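Have a go at each task before you read its solution.

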Amino acid sequence: MLRLGLLLLIAPMLVLMGVYFWEYASVRECVLAGGHWDYLEGVCRETPQPFVSWLDRAPWLVNGGMLVSLAGLALCMVGLYTRRR
């Protein structure tokens with residue numbers, strides 16, 4: 001139970017960071033080319049675009065990751081609280 005809890009505690013963070021850096025690479029490439037990143041469409045445009053946070057674009061990813069991490073924390077606590085056989 002402890003191993004599953006640790007996996008659920010750490011995996012969402014790694015997934016969120018992976019998705020963030022994947023998008024960041026596209027944004028950086030667009031800005032270095034002289035464009036403006038459209039966060040809603042995920043494409044590079046010539047005109048300035050407003051910033052839209054991840055919480056507005058993918059609330060299921062952010063909130064779901066937090067819920068999975070919370071479940072992992074609970075499993076870790078239960079795994080540490082129970083005795084080994």
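This is a predicted model: local features need pLDDT of at least 70, side-chain atom pairs count only at pLDDT 80 or more; totals for chains, interfaces and linings use all residues.

Residues are numbered from 1 along each chain as its sequence is written, and side-chain values use heavy atoms, with hydrogens and water left out.

**Exercise 1. Aromatic rings**

Task: Classify the ring pairs that Y20 forms with F21 and with W54.

Solution: 
- Step 1. Recall the rule: rings of Phe, Tyr and Trp (its six-membered ring) pair if their centres lie within 6.5 Å; planes under 30 degrees apart are stacked, over 60 edge-to-face, and the rest tilted.
- Step 2. The structure holds four aromatic pairs. In one of them, the ring centres of Y20 and F21 are 5.1 Å apart and the planes meet at 70°, so this pair is edge-to-face.
- Step 3. Y20 also pairs edge-to-face with W54, at 6.3 Å centre to centre and 70° between the planes. This pair links distant parts of the chain, as Y20 lies in helix 1 and W54 in helix 2 (residues 54–57), 34 residues apart. Helices (H or I, at least four residues) and strands (E, at least two) are DSSP runs, numbered from the N terminus.
- Step 4. Check accessibility, where buried means under 20% relative accessible area, exposed over 50%, and partly exposed in between (1.4 Å probe, protein chains only). W54 is buried at 18%, whereas Y20 is partly exposed at 41% and F21 is partly exposed at 46%.

**Exercise 2. The disulfide**

Task: Which cysteines form a disulfide, and how far apart are their sulfur atoms?

Solution: 
- Step 1. Search for cysteine sulfur atoms within 2.5 Å, the cut-off for a disulfide. The whole structure gives one.
- Step 2. The partners are C30 and C44, with 2.1 Å between their sulfur atoms.
- Step 3. The angle about the S-S bond is 75°, and the link of C30 and C44 is right-handed.
- Step 4. C30 is buried, with a relative accessible area of 4%, while C44 is partly exposed at 41%.

**Exercise 3. A polar contact**

Task: Is E23 buried or exposed, and which side chain does its own side chain contact?

Solution: 
- Step 1. E23 lies in helix 1 and is buried, at 18% relative accessible area.
- Step 2. Its side chain makes a polar contact with the side chain of R57 at 2.4 Å. A polar contact is a pair of N or O atoms within 3.5 Å; within protein, one must be able to donate a hydrogen and the other to accept it, and residues adjacent in sequence count only if both atoms are side-chain atoms.

**Exercise 4. The largest pocket**

Task: Which residues line the largest pocket?

Solution: 
- Step 1. A pocket is an open set of points on a 1 Å grid over the protein atoms alone, where a 1.4 Å probe fits, with protein on both sides within 12 Å along at least five of seven lines; lining residues have an atom within 4 Å of a point.
- Step 2. The lining consists of M1, L2, R3, G79, L80, T82, R83 and R84.
- Step 3. Helix 1 (2–32) and helix 3 (59–81) each supply at least two of the lining residues.
- Step 4. M1 lies in the segment before helix 1 and is exposed, at 56% relative accessible area.
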